[in-house]
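Here's a quick walk through the fold, from the core out to the sheet. Have the model open as you read.

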Amino acid sequence: TLSVLIIAPDKPGRMLSLASRATTLKIPYFFDPGQNVPLFNEAELKMAVSGAKGLFLNEYELELLRQKIGFSQENFVREDKILIVTQGEKGSSIFTQIHSIPIPIVKPHTVKNPTGCGDAYRAGFLKGFVEGRDLETCGRMGALMAAYNVEHEGTQTHSFTHEEFTKRYQKSF
């Protein structure tokens, strides 16, 4: 398995400290600034983004990053990095230096609450990533996790077995 650090939304100072330490220690990390984008200044965001192996954003956060630091997805992925952009009901897209990979949603059995779908997607993606799976599979694992999340009230009330996940994955893709 691979080792990777995830820097998810938290107090901005803690997020920056983790990014700085990871860079110093040469630990690959994925950065997910989430709703904190407006709380960082330009230099802080540039530092955290430039050191990241991968970046998780939704469409709104991507636009904020473009406005705040002149973020260019082309320049980011040119450095052999991974950009993951979630797009709600339109699925997600994974961008690398070589590929643009569209990931469809997994149709939920029911829709109860979308809160936490981005976090669930990120968890599914990273599970696949640390297992060494290809990026399309990682994205699909994220999409399935998001579907499980939206089907339940609350952000951590869903559960399933490995076999259930595998069976639904195969049926969905």
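Which residues in the largest nonpolar core touch the most other members? They are Phe-30, Ile-82, Ile-84, Ile-94, Tyr-121 and Phe-125, out of 26 residues in that core. A nonpolar core here is a set of buried Ala, Val, Leu, Ile, Met, Phe, Trp, Tyr and Cys residues joined through side-chain atoms within 4.5 Å, and buried means under 20% relative accessible area with a 1.4 Å probe, protein chains only. Helix 6 (135–150) gives the largest share, 10 residues.

Bear in mind that this is a predicted model: local features need pLDDT of at least 70, side-chain atom pairs count only at pLDDT 80 or more, and totals for chains, interfaces and linings use all residues. Residues are numbered from 1 along each chain as its sequence is written, and side-chain values use heavy atoms, leaving out hydrogens and water.

Now the sheet: six strands make it up, open, in the order 1-2-3-4-5-6 with mixed pairing. Strand 1 and strand 6 are at the edges with a single partner strand each, so one side of each lacks a neighbour in the sheet. Strands are DSSP E runs of at least two residues, helices H or I runs of at least four, numbered from the N terminus; two strands pair if DSSP finds at least two bridges between them.

Strand 2 runs parallel to strand 3, joined by two bridges, and Phe-30 sits opposite Gly-54 in strand 3.

| Helix | Residues | Angle |
|---|---|---|
| Helix 1 | 12–24 | about 150° with strand 1 |
| Helix 5 | 117–130 | about 150° to strand 4 |

Note on methods: Contact means heavy atoms within 4.5 Å. Axes are lines fitted to C-alpha atoms, for helices over the stretch in contact, and angles run from 0 to 180 degrees between N-to-C directions. Buried means under 20% relative accessible area, exposed over 50%, partly exposed in between (1.4 Å probe, protein chains only).
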